[in-house]
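Here is a short briefing on a ligand and its surroundings. Look over the sequence and structure first.

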Amino acid sequence: MPNAVVIYASETGNTESVAKQIAAGLKDENIDVTLKNITDADVKDLSDYDLILLGSSTWGDEEKELQTDMVDFYEELENLDLTDIPAAAFGCGDSSYTHFCGAVDLLEDRLEQIGARLLDEGLRVDDQDDDEIDVRAWAREIATRFSKGL
Ligand SMILES: Cc1cc2nc3c(=O)[nH]c(=O)nc-3n(C[C@H](O)[C@H](O)[C@H](O)COP(=O)(O)O)c2cc1C
């Protein structure tokens with residue numbers, strides 16, 4: 001069975017909750033999933049997985065800022081080679097800020113920079129959005145694209 005890792009950085013639990021739904025969606029598609037808080041994750045572990053999902057909420061305002069726990073990991077990522085490894089980014093934010101989900105932009109930029117193959121546009125979940133985004137469906141779509149080698 002292919003395996004995936006879902007790593008999240010979350011201050012107040014929103015991105016953690018999204019990460020759990022993503023893990024559930026991937027499991028629906030028969031992917032073996034490891035869910036990790038960034039505080040328990042090491043960049044070196046990423047090479048153990050066939051599919052990588054990275055998530056962070058956005059902080060700051062003037063600039064795009066990752067949730068604090070993600071900062072060191074993000075810097076270390078730069079030295080990793082993920083050529084052709086399927087990946088996607090996700091995170092929660094608030095569209096009343098200048099850089100809505102800027103952390104997801106940062107994660108996507110870094111993943112592309114180190115060669116990863118982004119399977120879909122990152123998932124950006126808005127605090128302001130009354131309608132629930134179907135996170136699990138997004139994850140199932142990621143799994144489908146992964147399985148088809150898209
Ligand atoms: C001080 C502060 C700054 C924030 N800056 C941004 C921002 O620049 N862009 C954004 O999209 N959301 C911003 N947010 C909103 C959070 O990212 C959002 O509430 C998110 O759901 C928190 O997720 P978490 O619980 O996983 O940390 C900010 C929130 C606070 C309190």
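How far does a backbone N or O atom of glutamate 11 lie from an oxygen atom of the ligand? The distance is 2.7 Å. This is a predicted model, where local features need pLDDT of at least 70, side-chain atom pairs count only at pLDDT 80 or more, and totals for chains, interfaces and linings use all residues. Residues are numbered from 1 along each chain as its sequence is written, and side-chain values use heavy atoms, leaving out hydrogens and water.

**Ligand contacts**
- A polar backbone atom of glycine 13 lies 3.0 Å from an oxygen atom of the ligand.
- For asparagine 14, an N or O atom in the side chain is 2.8 Å from a ligand oxygen atom.
- The protein buries 84% of the 650 Å² that the ligand exposes when taken alone (Shrake-Rupley method, 1.4 Å probe).

**Ligand shell**
- The ligand is surrounded by 19 residues (a heavy atom within 4 Å).
- Among the closest are Ser10, Thr12 and Asp127.

**A charge over a ring**
- Arginine 110 places its charged end over the ring of tyrosine 74, 4.2 Å from the ring centre (CZ of Arg within 6 Å of the centre and within 35 degrees of the ring normal).

Methods: Polar contact = N/O pair within 3.5 Å; in protein donor to acceptor, adjacent residues only side chain to side chain.
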